[in-house]
Amino acid sequence: MATLTVSNEDEKRVKGLGFLSNKGTDNFSGRIITKNGKITAQQMKAIGDAAKEFGSGEVVFTTRLTVEVLGIPFDKIDAFRAAIEEAGMTTGGTGSKVRPVVSCKGTTCQYGLIDTYALSEEIHELFYEGYRQVKLPHKFKIAVGGCPNNCVKPDLNDLGIVGQMVPQFDEDLCSGCKKCGVEKVCPVKAARVVDGVLEIDMEKCTNCGRCIGACHFDAIESGKCGYKVYIGGRWGKQVAQGRALDRIFETKEEVLRAVEKAILLYREQGKTGERFAQTIDRIGFEKVQEEILSDDILGRKQEILDARLHEVGGATC
C-alpha cells in the first residue's frame, strides 16, 4: 500500500478549494464549477488539456453538473487552478455554503417555460459567488427546473425553482366539444368537459402550459408565466420532499429575493449541522413561509451576515 505524504491539514485546505482526495493516493480530483451545467467548446478543450497535463487524463461529470479532473498530484494543484482560471473557470463547490446551482436545459427544451440557464447563472453569481464567504449550518443546494416535468428534481433540493405557465381560461369561449382538444393534451388529466363545459381542476393542474392553444375555439390562448418555489428538499442518507410555497412568483426579481431570504433565514435560525429541511421541521413550515414571503428578514441582512455563526459547519462532503 502506498505511503501517503499529504498531511490532514493540507488535505482539508485544498478540499476547501474544490480538490477532493482520491482514495488511498496523494492525488486529487479537481472540481470545476460550470455555473449552470453549460460550458463553451473552448472551455471544454481547456479542461481536456489540463486533465492531460496535470491529471490522469480522465474527466468525470458529477450529479451536480460540475466537472472533475482525476488524478491531480498535490504539487500540481496550483498550476491546474491557474490553467483553469485562464479559461474563465474556477474550482470549488465544497463546504457548508451555498453549493453550485443545478439547472435543467429548459432554455432550449421544447417543454421549457423559463430561461433556466440565465436564471441559474444569475443565482450562481449572486449566491454561490456573492455568498461564498457566508458560512451556513450545512450545505445548501439549489436547483432550477424549466417545467413541471421536474427532470432536475427541484423538490429534492434545499431550494428548488420550477417554471410555470398558468392557463388563462375564458369559459365564455368554451363550446364543450365532445372531443375536447384541451382535455386530450392535458398530461395529468386536470382538464375535462363536464355538462358541456370545460373544467380545470387547479389542485391537479401543474401549470405545464401544454393546453395553451389546444382549444379549437381559442378558450385557452394564453397563460401567465411564473415560478414555483420549493423549500426543504433533501436527497441522500435521509430523504425529505420539499414543499412548495403557497404563491406562484410572477417575476424573476421576486424569485431572487425569495432565494436570498431563505439563505438568510437558514443562516440565522438554523442550528449548526442541520440541513434546511430540519430547520423547517423544527420552526414550522408556515413560520418559514411567512418570513420568506415578507421582507422583514432583509432588514436584518447585514446583521445576519456579520454574525459569527457556524464557524465549523456540518458538511463533510
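What follows is a short chat about a few strands and helices in this model.

Residues are numbered from 1 along each chain as its sequence is written. This is a predicted model, where local features need pLDDT of at least 70, side-chain atom pairs count only at pLDDT 80 or more, and totals for chains, interfaces and linings use all residues, while side-chain values use heavy atoms, with hydrogens and water left out.

Reader: Are the residues of strand E7 buried or exposed?

Author: Strands here are DSSP runs of E with at least two residues, helices are runs of H or I with at least four, and both are numbered from the N terminus. In E7 (residues 142–145), Ile142 and Val144 point one way, and Ala143 and Gly145 the other. By the cut-offs (buried is under 20% relative accessible area, exposed over 50%, partly exposed in between, with a 1.4 Å probe and protein chains only), all of them are buried.

Reader: Which residue in E8 is the bridge partner of alanine 143?

Author: Strands pair if DSSP finds at least two bridges between them. E7 and strand E8 (residues 159–168) run parallel, joined by four bridges. In E8, alanine 143 is partnered by glycine 160.

Reader: How do H4 and H6 lie to each other: roughly parallel, roughly perpendicular or oblique?

Author: H4 packs against helix H6 (residues 252–269) at about 40°, their axes 11 Å apart; axes are lines fitted to C-alpha atoms, for helices over the stretch in contact, and angles run from 0 to 180 degrees between N-to-C directions. Under 35 degrees counts as roughly parallel, over 145 as roughly antiparallel, 65 to 115 as roughly perpendicular and the rest as oblique. So H4 and H6 are oblique.
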